[in-house]
Structures are given as structure tokens and as C-alpha cells.
Amino acid sequence: MSLQPGAVNLAKQDDIARFGAAPYEYFEVLRQQAPVFWNPPPEPQNPGYLPCPGFWVLSKYEDVALASKDHERFSAWENSVLWTNVREDPAELAAQRAGLLGMDPPQHTQFRRLIQPGLTPRKVADLEPFIRGHAQEVVAELTEKDQVEFVFDVAAELPMILLCQLMGVPQDQRHEYMRLGNKAASFEHNPEFQNDILELYLFLDEVVKSRRDALGDTMLSKYLDGEVDGRHLTRDEITQFFLTLSIAGHETTRNTTAHFVRLMDEHPDQKALLLEDLDGRLPNAIEEVLRHSPPVMQFCRTATCDIELRGVTIPKDDKVYLSYVSANRDEEVFDDPNRFDIARPNADLHLAFGTGPHFCLGASLARTQLRCVLGELYRRLPHIELAGPPTPMNSVWFNGLNAMPLNVCPVSSK
């Protein structure tokens, strides 16, 4: 595929779908020829959601990191982290600003402090026996099957179990919660997504209402009991925060789990290397999967002033697209960046969890989940293999999979 800057509109699903995955080849062209590039509004646009005004694409690692850390010039608050023009809908803008993703410091810092103590490495270590136990249950169920759909039937299970535990959602409502979260996350493909968002909101609002007077050390209780600027949060603020978390809180871990299995199947030499020393090599292998195939394509910021970057002027109020997919394959940071190498010495420099004020609060938790479920999976079922090609999500937002059939081959059957 011959490419040049402008050959792909990164806000169009059809353009993304041409690649069958994230458009890595196109980002390579942008990094080399136009590292700060104007992506015009797509035409036609989905009538089901707000229009995209166009945006400036940052494709270099250094620039994505710079914009992530400089909240004064690159704001999440001004017009949300979406590439749509959220300012056109005051209610939607208010909803975006109610979640951590849509805040800037110092407000972002105050809200973050409410739940950060529950996600420190020490607290996550305390949760590890719970996580490991459920990982063992998830994998044990696989040993009784010949073939599974891995993405939603397996990879999604552990993140949802843990998210329910942290939030105080009853486990018997887990699958309904996941169904609503997945529908809300599929807004690009779904003209009814506003109704789906409302349905998820109402579900979470009932959880917040039912847990308000309940005791417990959950993430939800931290928000219920916490204060910002000397006041308790409103029920709507709490529900809006957990609505955002419900979409982002399991998509990333689910897709990284699926990408890990996919990449091991596609690179048998790397899988063999992993199995030679599973416990020793698994942590860095997870970092390399996050670098090579990050689960989130991008977030956006809004320029609060005219910004000069690499000889290009980004005008005030324009959207700025931070490409994690491209930054993670920047040739100036990673040698031979398209190569999948679980022994890569600097794999953990990836920006899959972001950087700066918005660095993912749940990064330590996600790494622990991945280590537990993937360790258990490859100890119990080292011969698992793809039963067919994965189905890409073809999203402008997530770098994920909608389905991946897997043959299950227990060691005992060999």
C-alpha cells in the first residue's frame, strides 16, 4: 500500500479498516515526513454523534510525551479528550468533565487523590491473591473446552470480576454490566449509542444509590466519602466518573490479554523463548505487547494558545491527537520498532498507559492482572493456538479485537 501524508483520515472507520489493524504503516510515514500533521474533518460523518472538527496529529514519541505532560497548553478540560467537538453539546461537555479523563490539574489531581491510595503497588499486592485465584478459575474453565471465543468469553472475565469487586457491583450483575459497557464503548459503530450510554448511566446510578449507605473499602466508597474543595461529590458526579471507568476499565486489559495470545501465536520463536522461563520473561513480554500493540489508539487535547511545534503552528482551540500507537514505534526511541521482541531492553518506555498527570491510575493493577492470567494460561495450556484469524475492532479509538477463536490444547491431552 503506497502511502503519503493525508492518504488516511484517522477519524474515519473505513480508512482504519483498510489496514485490518491499527494503521502502523501510515504512522511511520507521518513520523518521517509530517510529524505534526493536520487531519481534516471526515466526510461523511456519523450522524449519531457530534462532528469531528479535524485535528493535528502528533506521531513522534517526544511530542506525544510533551503534550501529555503540558496540561496548560494541551488541555483535556477545554473540549474533552475525544476528537469530536464536544463544545457543541454543553451537557456532553459537562459529562466528559465529570470524569478524570476530562479534567486538568489542579482539579484532576484532587479527584485522583480520592482513589489513588487504593491503587498503590502495596495495595495491589494485597489484591494479588484475589486476582490470582480468579485467574486460576478462568483458566480452569478453559481446560474443559476444545475451542473458545477468547476475547469476550475469556480475556474479558478477569477485568470485569475485579472491576465489580473494586466498585462494589454485585458479581451476579457482572455480565449485564459488561454487556452495557461494551455497547457504550461501541459508539463508533452504533447509531443508538446515546441510548446505550443512558442505559449504562442508569445501571451505575442504581449501584451508587444502593451503595451510598453501605460500608466497605471499595473505589466507590472512596468517592462517596471523599471531598473535593471541602464538599462531598454529587451523585451525578460519582455516576459520571464510574461511567467513564466502566468503558476504559476493562477494554484495555481485555485487549492486551488478547493481543498477547495473538502475538505469541504469530511469533512462535518468541513464544518458545517465553516458555523457556515463563516467570522470568513474562513481565517484560507484557511490556513489549503493550508497546507493540497498545490497546488505546489515541486521546486528544485542545490547544489553549497558539503552539509552535517542529516548525508548525497549532492554532488556539484546535484539537491535538496524541498517537500512542505511533509513539510506541518511534525509530528514535525503539530499535527496529516493528519487530516483536519480548527481550527488548527498553520495552517499558512505551506510552500505552500515557504519561504526565493522566498516567493511568490502574497501571499497576493492570500489570498484575495480566501477569496472573497470562502466567496461569501458559502454565496450564502452553499449546493454545488460534483457530482462525482474529476479527479487528476497526476503531478510531481502541486498538482491539472483537473476536478471536482459540483452540484449547491441555497438556494432559498431549
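Modeller: Leaving out neighbours within four places in sequence, Leu377 is in contact (heavy atoms within 4.5 Å) with Val139, Leu142, Phe150, Val261, Pro382 and Ile384. This is a predicted model, in which local features need pLDDT of at least 70 and side-chain atom pairs count only at pLDDT 80 or more, while totals for chains, interfaces and linings use all residues. Residues are numbered from 1 along each chain as its sequence is written, and side-chain values use heavy atoms, with hydrogens and water left out.

Leu377 belongs to the largest nonpolar core, which has 106 residues, and together with Tyr177, Phe260 and Leu374 it touches the most other members. Such a core is a set of buried Ala, Val, Leu, Ile, Met, Phe, Trp, Tyr and Cys residues joined through side-chain atoms within 4.5 Å, where buried means under 20% relative accessible area, with a 1.4 Å probe and protein chains only. Helix α12, residues 235–266, gives this core its largest share, 10 residues; a helix here is a DSSP run of H or I with at least four residues, a strand is a run of E with at least two, and both are numbered from the N terminus. Another core, of 23 residues, lies apart from the largest one and includes Ala11, Leu30, Ala34 and Val396.

Turning to the whole, the protein chain has 16 helices and 14 strands, and 56% of its 414 residues count as buried. Of its contacts with a separation of 6 or more, 70% are between residues 24 or more positions apart.

Key:
Buried < 20%, exposed > 50% of the residue type's maximum accessible area, 1.4 Å probe, protein only.
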